[in-house]
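This report goes through one protein chain, beginning with a single residue and ending with the chain as a whole. Please keep the sequence and the structure in view while reading.

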Amino acid sequence: MEDREFFDTLYQVWSKTTGAQDKFWMPERSVFDDFEGNVRPFGIWAVDQEQKWTLVASQVTEADADFITAVHGCLPDLIRRLGDALDEADRLDVE
C-alpha cells in the first residue's frame, strides 16, 4: 500500500467514528468495574456544541483514555500535514 493510500484509508476510518465531524472526544473520570476486580476509572465521551455527551468507550485506564482521545483529535491534522509533506517531497523531486 502506498503512503497516500494508507493515509486516505486512515482518514476514512476516522471519519466513521462517533461524532468525527462535529464532536470532540473527551476522557471523563468515572468508576467502571471490569468484574475481575480491576477498576478502570475512565470513559471516553463524544461531546457536541450543545454539551450532549455520547459514550464511546468505558472501562479504560487514564493513560489509554488520554492516548485515544489525543489521537482521535489530532488525526485529521496529522493526515493533512503528512499529505503536505508528501506533496513537498514530490515537488522537490521534480525540481
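Helices are DSSP runs of H or I with at least four residues, numbered from the N terminus. Ile68 is located in helix α2, which covers residues 62–94. The model is a predicted one.

Is Ile68 buried, exposed or partly exposed? Its relative accessible area is 32%. Buried means under 20% and exposed means over 50%, with partly exposed in between, so Ile68 counts as partly exposed.

Which residues does Ile68 touch, apart from its neighbours within four places in sequence? Ile68 is in contact with Trp25 and Ile44. Another residue to look at is Met26. Ile68 and Met26 are 42 residues apart in sequence, while their C-alpha atoms are 9.3 Å apart in space.

## Aromatic pairs

How many aromatic pairs does the structure hold? There are three aromatic pairs. One of them is formed by Phe6 and Phe7, whose ring centres are 5.8 Å apart. Planes under 30 degrees apart count as stacked and those over 60 as edge-to-face, with the rest tilted. The planes of Phe6 and Phe7 are at 55 degrees, so this pair is tilted.

Phe6 has a relative accessible area of 41% and is partly exposed, whereas Phe7 has 14% and is buried.

Tyr11 and Trp14 form another pair, with ring centres 5.3 Å apart. Their planes are at 35 degrees, so this pair is tilted. Tyr11 and Trp14 are three residues apart in helix α1 (residues 3–15), so about one helical turn separates them. Tyr11 is partly exposed, at a relative accessible area of 33%. Trp14 has 9% relative accessibility and therefore counts as buried.

## A nonpolar surface patch

Together with Met1 and Leu10, Phe6 forms a nonpolar patch on the surface. The accessible area of these residues together is about 320 Å².

## Salt bridges

How many salt bridges does the count come to? The count comes to five. The table lists some of them, with the distance from nitrogen to oxygen.

| Residue | Partner | N to O distance |
|---|---|---|
| Arg4 | Asp87 | 2.9 Å |
| Arg80 | Asp77 | 2.1 Å |
| Arg91 | Glu88 | 2.5 Å |

The side chains of Arg4 and Asp87 meet in a salt bridge. This pair links distant parts of the chain, with Arg4 in helix α1 and Asp87 in helix α2, 83 residues apart. Arg4 has a relative accessible area of 34% and is partly exposed. Asp87, at 42%, is partly exposed.

Which residues are linked with Arg4 in a network of salt bridges? The network consists of Arg4, Asp87 and Asp90.

Arg80 and Asp77 both lie in helix α2. They are three residues apart, about one turn of the helix. Arg80 counts as partly exposed at 48% relative accessibility, and Asp77 is partly exposed with a relative accessible area of 38%.

Glu88 and Arg91 also both lie in helix α2, three residues apart, or about one turn of the helix. Glu88 counts as partly exposed at 36% relative accessibility. Arg91 counts as partly exposed at 37%.

## The chain as a whole

What pattern does the protein chain follow along the sequence? The pattern is α-β-β-β-α, made from two helices and three strands.

The protein chain has 95 residues, and buried residues make up 22% of them. Phe7 is one of the buried residues described above, and Trp14 is another.

Contacts can also be sorted by how far apart the two residues are in sequence. Among contacts between residues at least 6 apart, 39% join residues at least 24 apart.

The accessible surface of the protein chain comes to about 6900 Å². Of this surface, 54% belongs to carbon and sulfur atoms.

Technical notes:
Residues numbered from 1 in each chain as written. Predicted model: local features only at pLDDT ≥ 70, side-chain atom pairs only at ≥ 80, totals over all residues. Heavy atoms only, no water. Buried < 20%, exposed > 50% of the residue type's maximum accessible area, 1.4 Å probe, protein only. Contact = heavy atoms within 4.5 Å. Phe/Tyr/Trp six-rings, centres within 6.5 Å; stacked < 30°, edge-to-face > 60°. Salt bridge = Lys/Arg side-chain N within 4 Å of Asp/Glu carboxyl O. Patch = residues over 30% accessible without salt bridge, like charges linked within 9 Å, V, L, I, M, F, W, Y side chains within 5 Å. Areas by Shrake-Rupley, 256 points an atom, 1.4 Å probe, with all protein chains shown as cover.
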